[in-house]
Amino acid sequence: MRKIGNILQASTSVVSAILLLVLTISVFLQIMSREILRVSWTWSDESARYSFIWCALLSSSILVRKKRHFEVSILKEWIKKPGFLRFIEVFCALCTLFVCGCIFYYGIQFAQMGFKKIAPTTQMRMVWVYSAIPVSASLMVFYSVEALLDIFGVIPHMSAEEMDEISLWGLIRRKKGGA
């Protein structure tokens, strides 16, 4: 499961980086077209908006995996008993799992509404945009289950620092036997 999580994290990071690049280029082109050509391209507004939505939600899933998305750190500072600290970690992971499960469930319903809606400029079905919610929520559910398995010692522990070093290029090099 850890290997699947690493591949998902690396792939999500690459997709998020590409979407951030699309967002940046779209905004840059929009600014240049308005200032230099005195023309407004509406497609660049939509592409920037939709890239931002996907990039933000996919990046949020990575933060859930790294346990950096949301946390009540004051509890960890106050609690000195390892058993109770573990209970808090399990409780937080279960809460995250529940909330992300709800987001996934209702995100699917929301995405289905997108079959009936079409973007005004690009004429794209909005299901492609709305699908960012259940896709990112499913990743968050996966990472929450992974966190629970980590807490209970079912899978090997991986520190946040080790997760920071995960990249698609690093996974490809390891698979080929490189450094």
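**Note on a cavity and a nonpolar surface patch**

1. Arg 2, Arg 65, Lys 67, Tyr 143, Glu 146, Ala 147, Asp 150 and Met 163 line the largest cavity (a set of points on a 1 Å grid over the protein atoms alone where a 1.4 Å probe fits but cannot get out; lining residues have an atom within 4 Å of a point). The model is predicted: local features need pLDDT of at least 70 and side-chain atom pairs pLDDT 80 or more, while totals for chains, interfaces and linings use all residues. Numbering starts from 1 along each chain as its sequence is written, and side-chain values use heavy atoms, without hydrogens and water.

2. The largest cavity holds about 40 Å³ of space, and the count is one cavity of 30 Å³ or more. Its lining has three nonpolar, no polar and five charged residues. Helix H6 (residues 132-151) gives the most to this lining, four residues; helices are DSSP runs (H or I) of at least four residues.

3. A nonpolar surface patch comprises Leu 21, Ile 25, Val 27, Phe 28, Leu 29, Ile 31, Met 32, Ile 36, Leu 37, Val 39 and Trp 43, with about 980 Å² of accessible area together (Shrake-Rupley, 1.4 Å probe). Patch residues have over 30% relative accessible area and no salt bridge, nonpolar side chains being joined within 5 Å; a salt bridge is a side-chain nitrogen of Lys or Arg within 4 Å of a carboxyl oxygen of Asp or Glu. Helix H1 (residues 2-37) supplies the largest share, nine residues.

4. Phe 28 is in helix H1 and counts as partly exposed because its relative accessibility is 49% (between 20% and 50%). Trp 43, in helix H2 (residues 42-65), is also partly exposed, at 39%.

Terms used:
Patches are made of residues with over 30% relative accessible area and no salt bridge: like charges are joined within 9 Å, nonpolar side chains (Val, Leu, Ile, Met, Phe, Trp, Tyr) within 5 Å. Helices (H or I, at least four residues) and strands (E, at least two) are DSSP runs, numbered from the N terminus. Buried means under 20% relative accessible area, exposed over 50%, partly exposed in between (1.4 Å probe, protein chains only). On a 1 Å grid over the protein atoms alone, a cavity is a set of points where a 1.4 Å probe fits but cannot get out, and a pocket is an open set with protein on both sides within 12 Å along at least five of seven lines; lining residues have an atom within 4 Å of a point. Grid points are joined across faces, edges and corners, and a volume is the space filled by probe spheres set on the points. Ala, Val, Leu, Ile, Met, Phe, Trp, Tyr, Cys and Pro count as nonpolar, Asp, Glu, Lys and Arg as charged, and the others, Gly among them, as polar.
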